[in-house]
Amino acid sequence: MSILSVLRRELPDEKFYLFINRFIFTSLFLFVGLPLWYSTTTTYRASLPYTRISTLASKSIDSAETNLTSFQTASSYEISFYLINNNDEKYSLNRSHYEDIIASTIAPHLINTYSQYIDFEISTEVISNTRGVLPSETIHSLEKRQIPFFINKLEYLLHRSTKHYREKIFFILFVPDEKQSPLTVENNPQNSIIVPKWGSVIFYNNQNSPEDLNLVLKQFLSHFNQLLGIDTLDQWIYRRTLENYNNGRQTLLTLSQLLLSIPNIVIDDVMAKKIHDSVELLEQCQTNQQHNLCQQGRLLADQVFFDPSLLKLLYFPDDQKFAIYVPLYLPMGAPLAWTLLNDVKFLINVLKKNR
């Protein structure tokens, strides 16, 4: 005899249907609803090659000596060309003329020469009305001691990179106004400033002819080599290869230690694939030291390390999760659990009685 038949015989129709509905609802809440809630609030962690990362981290390659005044080898660069017209329409430089030279001469040279070795983006921007950047409105010569203050004020006008793994390089053409022109830099015949690990500034006076602009802007190419420590291309590529490998494996090791120590960091499938690909590329790089493998492996590692999706649940740990949801579910769950327990006891008694 089935349980339903026994209950149907023991209970009136109204109580029978009430009992069945209550039993189903309580069971669904306790055995389906609560596990489903817990699984949907649990941090998703895709599988990662922790052992391979640890092995890779133990295999360093001695890197060449680094030029301390040049940019540290980065996985990616953001190269920004700025035209700064300082306050005077009459003495300002034509924007389209400036951008045409960057687009037709400077950018193609950088792309053709370096794009196969480094990942970078090039942008141009024009800024006007920069009163107060120079030490005086009537200054005609920028002294060495004044340069750090000038650069600090200038930096407030410039946009920083939103991608933290990218190094930002600034190349600035500064056009002084009528009161300041001609503007020169103390003991510098090229009339420019190179700031290690930052960029360079060239002062372009109105007295220069428009034909000079192309030659002036080409100075940025030699500044680029100096800022990145490029003496000979072969030596620079070799140094970058070793540094990319060492930095990439160290980034992966730091990332894996961080993920193991903080369980609330989300690791989705996209991030996991990038980590797997990075490990694969750096393992190949460790074997044959090909620049492109090291470059791409490090770039992927940096992209994951600075990806904002890793912080999705970082500030929502388990104790907070239970502090929020327990007051919501406990008042409902406790009576339902008690009801289900009584219903099960009732079923057992009915079955014993009808044996």
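**Notebook: helix 9 and its surroundings**

I began with helix 9, whose buried residues pack against helix 3 (50–57), helix 8 (233–261) and helix 10 (291–305). I take buried as under 20% relative accessible area, exposed as over 50%, and partly exposed as in between (1.4 Å probe, protein chains only). For packing I use contact, which means heavy atoms within 4.5 Å. Helices (H or I, at least four residues) and strands (E, at least two) are DSSP runs, numbered from the N terminus.

I noted what I was looking at: this is a predicted model, where local features need pLDDT of at least 70 and side-chain atom pairs count only at pLDDT 80 or more, while totals for chains, interfaces and linings use all residues. Residues are numbered from 1 along each chain as its sequence is written, and side-chain values use heavy atoms, with hydrogens and water left out.

**Entry 1: the whole protein**

I counted 11 helices and seven strands. Of the 355 residues, 44% are buried. I then looked at contacts with a separation of 6 or more: 81% of them join residues 24 or more positions apart. The accessible surface comes to about 19,500 Å², and 55% of it belongs to carbon and sulfur atoms. That area comes from the Shrake-Rupley method with a 1.4 Å probe.

**Entry 2: helix 9 itself**

Helix 9 runs over residues 269–288, which makes 20 residues. From first C-alpha to last I find 29 Å, close to the 28 Å expected. The expected span is 1.5 Å times one less than the number of residues. Which of its residues are buried? They are Met271, Ala272, Ile275, Ser278, Val279, Leu281, Leu282 and Cys285.

I checked both ends. At the N-terminal end, Asp268 is the cap: one of its side-chain oxygens lies 3.2 Å from the backbone nitrogen of Val270. Gln289 is partly exposed, at a relative accessible area of 36%.

Helix 10 has 15 residues and reaches 21 Å, close to the expected 21 Å. I find this helix mostly covered, with 12 of the 15 residues buried. Among the buried ones are Leu293, Cys294, Arg298, Leu299 and Asp302. Their cover includes strand 1, strand 2, helix 8 and helix 9.

How many disulfides are there? I count one, where a disulfide is a pair of cysteine sulfur atoms within 2.5 Å. Cys285 and Cys294 form this bond, with sulfur atoms 1.6 Å apart. Both cysteines are buried. The torsion about the S-S bond is about 60°, so the disulfide is right-handed.

**Entry 3: the cores**

Next I looked for nonpolar cores, meaning sets of buried Ala, Val, Leu, Ile, Met, Phe, Trp, Tyr and Cys residues joined through side-chain atoms within 4.5 Å. The largest has 34 residues, and those touching the most other members are Phe81, Leu110, Ile169, Leu173, Leu217, Phe224 and Leu228. Elements that give this core two or more residues include strand 1 (76–85), helix 4 (95–114) and strand 2 (119–128). Helix 4 gives the most, with six residues.

I followed Leu110. Leaving aside neighbours within four places in sequence, Leu110 is in contact with Ile79, Phe81, Ser115, Phe120, Ile122, Leu221 and Phe224. A second, separate core of 25 residues includes Ile53, Leu242, Tyr245 and Cys294.

**Entry 4: Ser76**

Ser76 is found in strand 1. Is Ser76 buried or exposed? At 0% relative accessibility, Ser76 counts as buried. Its side chain makes a polar contact of 2.6 Å with that of Asp119, and another of 2.9 Å with that of Arg166. A polar contact is a pair of N or O atoms within 3.5 Å; within protein, one must be able to donate a hydrogen and the other to accept it, and residues adjacent in sequence count only if both atoms are side-chain atoms.

**Entry 5: two loops**

The peptide bond from Ser181 to Pro182 is cis, with omega near 0°. Pro182 lies in the loop between strand 4 and strand 5 (184–185). Asn191 lies in the loop between strand 5 and strand 6 (192–195). Its phi is near 60°, a positive value in a residue other than glycine. At 11% relative accessibility, I count Asn191 as buried.
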